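Hi,

Here is the structure I promised to pass on. Have a look at it first, and then read my notes below.

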Amino acid sequence: MDLLIVESPAKARTLGAYLGPGYRVEASVGHVRDLPKSGLGVDVEHGFEPEYVTIEGKGPVLKKLRAAAKDADSILLATDPDREGEAIAFHIAEVLGASKPGGAGRFRRVTFNEITKKAVIAALETPGELDQNRVDAQQARRILDRLVGYKLSPLLWKKIRPGLSAGRVQSVAVRLLVERERERRAFRTAAYWDLRAHLSAETRGFTAGLISVSDVPIASGRDFDETTGGLKKGREVVLLDEEGAKSLRDSLADETFRVRSLEEKRSKRSPYPPFTTATFQQEANRKLNLGARESMRVAQGLYEDGLITYMRTDSVQLSEDAIDAVRTRVETRYGAEYLSDKPRRFKTKSKSAQEAHEAIRPAGTDMQTAKELGLSGKRAKVYQLIWKRTIATQMADVRQLHLTVQIEAGDALFRATGKVIEFAGFFRAYVEGSDDPDAALEDQEVMLPELEKGQVLDCTDLESLFHETKPPARFTDATLIKELEADGIGRPSTYASIISTILDRGYSERKNKQLIPTFIAFAVTALLEEHFPDLVDLGFTAGMEKDLDEIARGRGDWRTYLTGFYSGEKGFEARVLDREGAIDPREASTVILGGLTPTVRIGRYGPFLELIRDEDRMTAPLPDGVPPAELSEALAIETLERRAEGPDELGVDPDTQEPIYLMTGRFGPYVQRGEVVEGGEKPKRASLPEKVPYEDMTLEIALKLLSMPADLGVHPEDGKTVKVGIGRYGPYVVHEGDYRSLTADDDPLTVTFERAMALLAEPKKRGRAAAKPLREVGKHPDDDQPISLFNGRYGPYVKHGKINASLPKGVEAEDVTVPIAVELLQKRIERDAAKKGKKKPAAKKPAAKKPAAKKPAAKKAAGKKKPVAKKKTTSKK
């Protein structure tokens, strides 16, 4: 019997269904060996020899593989057909004894681009050998990344803040985000006006925009300088302000609107190439709102189930069988007229593309739709996206008619444009950026009435329009991947991990699909730009990728390459040692923003503002959630002054006789009852609701906030109390652990019992309140209780009872089995026990008098309050 080893259990199940009793299929569950988590793990003195260790949680997997290998006639390594898959196969072979005398003869390499029975059987009939060049290239990449991270990260800890990390590719991606945010900060908005005419001909209406006055063009967004907000030098245009636009509008009220000219132009559009990894991730982000990691997770599942071809590829080629299958499906589904005249064959432009791979497409030759396959949810959406893009490749061109009409009225000239799709072609299946081709077809057309030169038109309305120039758009997953690909940074298997890394490590936040760099990203990027400019240089990093590609082709030696990068007087190690003494920690942890008098400092507990005024040092925590490009001078000064002035005293709580303070912290304004006492209980605090302005806060409102969660009434069914409160995720009502969020129209200070009962009667919406497992892994052998798999803030983890254990690198959520989960949970228990054992009992202190309360210097409230900030005598919120 032959042993066939793949990466994942899902892939193993699919292959097991295809193969007969002569094969045993087992899964390695991803990588089995890697560099150690602690230490360099590379012997730089002896040819950069890596010191591989078994990945945490893989002990049971390797034990099972070794047992299966003992009885196998031959061992077939069928991991994925890329460098990562080649490396996994290499490590499996090493662990199972390939390097022992006579051991290598039992191992053969098997690759296939799609998991269909035909493709798998064909691959098994022609097994090959491990490609050592590709293994070396992957190994060089892994060691290179470890060398950079291991040397740079401690430098960042010392100079900026503990816990930071730097990576060879992630640092370039972060710099792209930072540069775009700098551009947004430097941007100056420009305002301009123009006119829009509402016209009609033979009862059919359309609009036309003003383009010139007295043959001088009207200013538009492209005429302005982004850094000054003024017109670019040499631009001869008419710049209309509000008064000028209204005056021009009034002067045209009695003018005749007449067609000056008409121009027709026909065009064709050919379909896009089939998906590569990069273009797939971009479209999944645009159309389906999926992040790079999520889109690849879904695609991985589709591939392992034999539904699509391998999803990590930079090739746009389709096999001849696939082209024939697609053309057959186009003809049967849409008709022969929608088929391209001849088969389309796309050529990959990237020099580093691995042409042995195909583009991403539906597997096999049936070309079934998601509905025909019975798919649902994200799997259906992702599969159908791939299906549409593939089908469109063999469809006819779109034929379009463009019409441009110029309309004169006095000295003013207007323009209207229309577009008619004369033949939909591949638009019937696929329109980029839209997941509904039929609806998109309607949006693509702009219809104009039948017009002729000299025709007089009716002007039903003439409106003046205000415009503002917009700053450069922040990167999204889609646009960042597009930029990285265009610059030659990273490879298909790395795009998703690059974005995940910069998000997980706090260099960026994702809001409304935008990737917003943090102040920490600014500090780290500035340090690297000044002291290690090549590491954040796009050209240098792209060159490193090309060097690794050359190693994969057998045209370079990986040890020689690493020696040239790392060793010697000008090597990376020497440069780090040289620059370490030249970097001033205070300068490195300071972020200087253009147009901002205060500076931003990176502290142990996060970024804060600093300003030296009259020899006094003023500091204040940065307002939470303010992007670097949007931190204004006014907001910064206001925040510092609030902090310096101290808290407002709103009055005294009539029940406890304690003072009530209005204060400002990192997460915004809040009220506090009483003062901080060393060794005493933390004072009760409550954040201000969004609808309550700081200046309007009163003692009455503060007491209501501090009383929350407050009783609203008794539930008629069980006599238990219904309460209202404000929590981490906003205001809510609750009854016996059953929570409902208040809507934007509800005020927690005035919400009634009746309204609370109405909210509690509504079905509970899915959200943060109840984390649901991705799946149940199985029963724990010790107590027969379930082990569940969850997706947490910092990645997937397994849970058994009250014990959680994160999945280590190399273990994917889909691949977790009971033995792996049990080992991870046990190691978590052992780590926790070891930490408790290291804790020393606190030494007994002699009895001391209770310290006096630290009372913040407060100002008595009178009328509207000045914005203030808490003093150092109060603890951080």
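A word on terms before the details: I call a residue buried when its relative accessible area is under 20%, exposed when it is over 50%, and partly exposed in between (1.4 Å probe, protein chains only). Please keep in mind that this is a predicted model, where local features need pLDDT of at least 70 and side-chain atom pairs count only at pLDDT 80 or more, while totals for chains, interfaces and linings use all residues. Residues are numbered from 1 along each chain as its sequence is written, and side-chain values use heavy atoms, with hydrogens and water left out.

With that cut-off, G306 counts as buried, at 14% relative accessibility. G306 sits in the loop between α9 (292–304) and α10 (320–334); helices (H or I, at least four residues) and strands (E, at least two) are DSSP runs, numbered from the N terminus. Contact here means heavy atoms within 4.5 Å. Setting aside residues up to four places away in sequence, G306 touches T14, I115, T116 and A363. For T116, the C-alpha atoms of the pair are 5.7 Å apart, although 190 residues separate them along the chain.

Now the overall picture. The chain has 877 residues, and 49% of them are buried. It contains 24 helices and 34 strands, and its C-alpha trace spans about 100 × 90 × 75 Å along the principal axes. Of the contacts with a separation of 6 or more, 66% are between residues 24 or more positions apart.

Next, the cores. By nonpolar core I mean a set of buried Ala, Val, Leu, Ile, Met, Phe, Trp, Tyr and Cys residues joined through side-chain atoms within 4.5 Å. The largest one has 137 residues, and F280 and L631 have the most contacts inside it. Helix α5 (residues 132–159) supplies the largest share of this core, 9 residues. A second, separate core of 33 residues includes V61, I75, I88 and V95. As for F280, its contacts beyond four places in sequence include F275, M296, I360 and L385.

Which residues does Q139 contact, leaving aside its neighbours within four places in sequence? They are P50, Y52 and W558.

Helix α5 also packs against α19 (residues 572–580): the axes come within 10 Å and cross at roughly 5 degrees. Axes are lines fitted to C-alpha atoms, for helices over the stretch in contact, and angles run from 0 to 180 degrees between N-to-C directions. The two helices are therefore roughly parallel (under 35 degrees; over 145 is roughly antiparallel, 65 to 115 roughly perpendicular and the rest oblique). On the α5 side, L147, V148, K151, L152, L155, K158 and K159 meet F572, E573, V576 and E580 of α19.

Last, a sheet. Four strands form an open, antiparallel sheet in the order β26-β27-β28-β29, where two strands pair if DSSP finds at least two bridges between them. β26 (710–714) and β29 (738–741) are the edges; each has a single partner strand, so one side of each lacks a neighbour in the sheet. Neighbouring strands are turned by 25 degrees against each other on average, direction ignored. β26 is joined to β27 (residues 721–727) by 4 bridges, and A710 stands opposite V724 in β27.

Cheers
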